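I set out to look up the pockets, the domain contact, the salt bridges and the backbone geometry. My notes follow in the order in which I took them.

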Amino acid sequence: MTERRVVISVDMEGVTGVSSWVQVSPPEFGGLVSGAEYERARERMTLEAAAAAQGALDAGATDVLVNDSHDTMRNLIPELLPDGVRFTSGNDKPLSMVQGVQEPGVVGLLFVGYHARAGSVRGPLAHTWNGFVRDVVVNGVSTGEYGLNALLAGHYGVPVLFASGDDVAMGEITAELGSGVVTVPVKEGLSAFAAAHLHPREAQRRIRDGARRAVEAAGDATPYVTRWPAHAQVSFNHQARADAGERVPGVTRVDAVTVGWHSPDAYHLFQTFRMLAKVAEVRLDG
């Protein structure tokens, strides 16, 4: 039998019922958190990933890897996943949110629980990577986590087949990655911290059906690419973060809060962005 492997990247902010940072923040770090809210959100996150996994299996996938892609990346409740599904846990992964796309036989990548990019109007909990990246631009295109992840998957020849999350994110994904990606909005963004949601079971039904249709059509999908070498820029919410970023070899200052660089391929672009996001974690109180 020919292998038809699928990777599911599952985030939490785009899951139905989620509209506050309180719901998606693991309580171990303190602050404005709620253990009860987080537990409910991680259960819905797992059930939406499980729905996508079952849809992929219904379509004939021979192997499904669910890659926990939110925050600490150990949010999934494994017992709620379909039997036989593999999963990742832990946030120090070489390919982060798309770990697994480098494995042989992978025919497609599915996004579950995805959110809009930083600065998006009406996008619930819209952000890119963290709370202080204001924008990411690749060859003139403003993008979010979905675009960076799609480019990295494309580096390994893997196309994005499916996405679920809020309606703003789904519109952005269609605009950037193309109408060939099957999208399932599970909530309508009303503001940065409000949304009108589908019932969780209805969201899961739609995700399962959409994932099935997407994997069935995987043979017609093409990986997402851009022009290489690519010019990329990242803008921060404070000039001190750009101060730190321009010290990375190969990175130059563009303006007070923006740095830029050139990448020969998507792997280099992704890892450079990841490093910049890390070194920009500087204290702003002196």
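**Pockets**

I began with the second largest pocket, whose lining holds, by class, 11 nonpolar, two polar and one charged residues; here Ala, Val, Leu, Ile, Met, Phe, Trp, Tyr, Cys and Pro count as nonpolar, Asp, Glu, Lys and Arg as charged, and the others, Gly among them, as polar. I note that the model is predicted, that local features need pLDDT of at least 70 and side-chain atom pairs pLDDT 80 or more, while totals for chains, interfaces and linings use all residues. Residues are numbered from 1 along each chain as its sequence is written, and side-chain values use heavy atoms, with hydrogens and water left out.

A pocket is an open set of points on a 1 Å grid over the protein atoms alone, where a 1.4 Å probe fits, with protein on both sides within 12 Å along at least five of seven lines, and its lining residues have an atom within 4 Å of a point. Grid points are joined across faces, edges and corners, and the volume is the space filled by probe spheres set on the points. On these terms the second largest pocket holds about 210 Å³, and its lining counts 14 residues, of which V160, G180, V181, A221 and T222 lie nearest its centre.

I then turned to the largest pocket, with a volume of about 750 Å³. Its lining has 24 residues, with H70, D71, T72, W129 and N130 nearest the centre. The elements giving two or more residues to this lining are α1 (21-24) and α7 (266-279), and α7 gives the most, with three residues; helices (H or I, at least four residues) and strands (E, at least two) are DSSP runs numbered from the N terminus. By class I recorded seven nonpolar, nine polar and eight charged residues in the lining of the largest pocket.

**Domains**

The protein chain is divided into domain 1 (5-116 + 143-220) and domain 2 (230-280), with bounds from an automatic or database domain assignment. Each of the two gives at least three residues to the lining of the largest pocket. Their C-alpha centres lie 26 Å apart, and the contact (heavy atoms within 4.5 Å) takes 11 residues from domain 1 and eight residues from domain 2.

About 760 Å² is buried between the domains, 70% of it from carbon and sulfur atoms, where buried area is the accessible area (1.4 Å probe) that two parts lose on being put together, summed over both. L148, L152 and H155 supply 54% of what domain 1 buries against domain 2, more than any other three residues.

**Salt bridges and backbone**

Taking a salt bridge as a side-chain nitrogen of Lys or Arg within 4 Å of a carboxyl oxygen of Asp or Glu, I find a count of 19, with zero between domain 1 and domain 2. One pair I looked up joins R208 and D58 (2.8 Å, N to O); R208 sits in helix α5 (residues 200-216) and D58 in helix α2 (residues 35-58), 150 residues apart.

Most residues other than glycine have a negative phi, and most peptide bonds are trans. M73, not a glycine, has a positive phi of about 60 degrees, and is found in the loop between β2 (63-68) and β3 (86-88). The peptide bond from W228 to P229 is cis, with omega near 0 degrees, and P229 lies in the loop between α5 and β10 (230-236).
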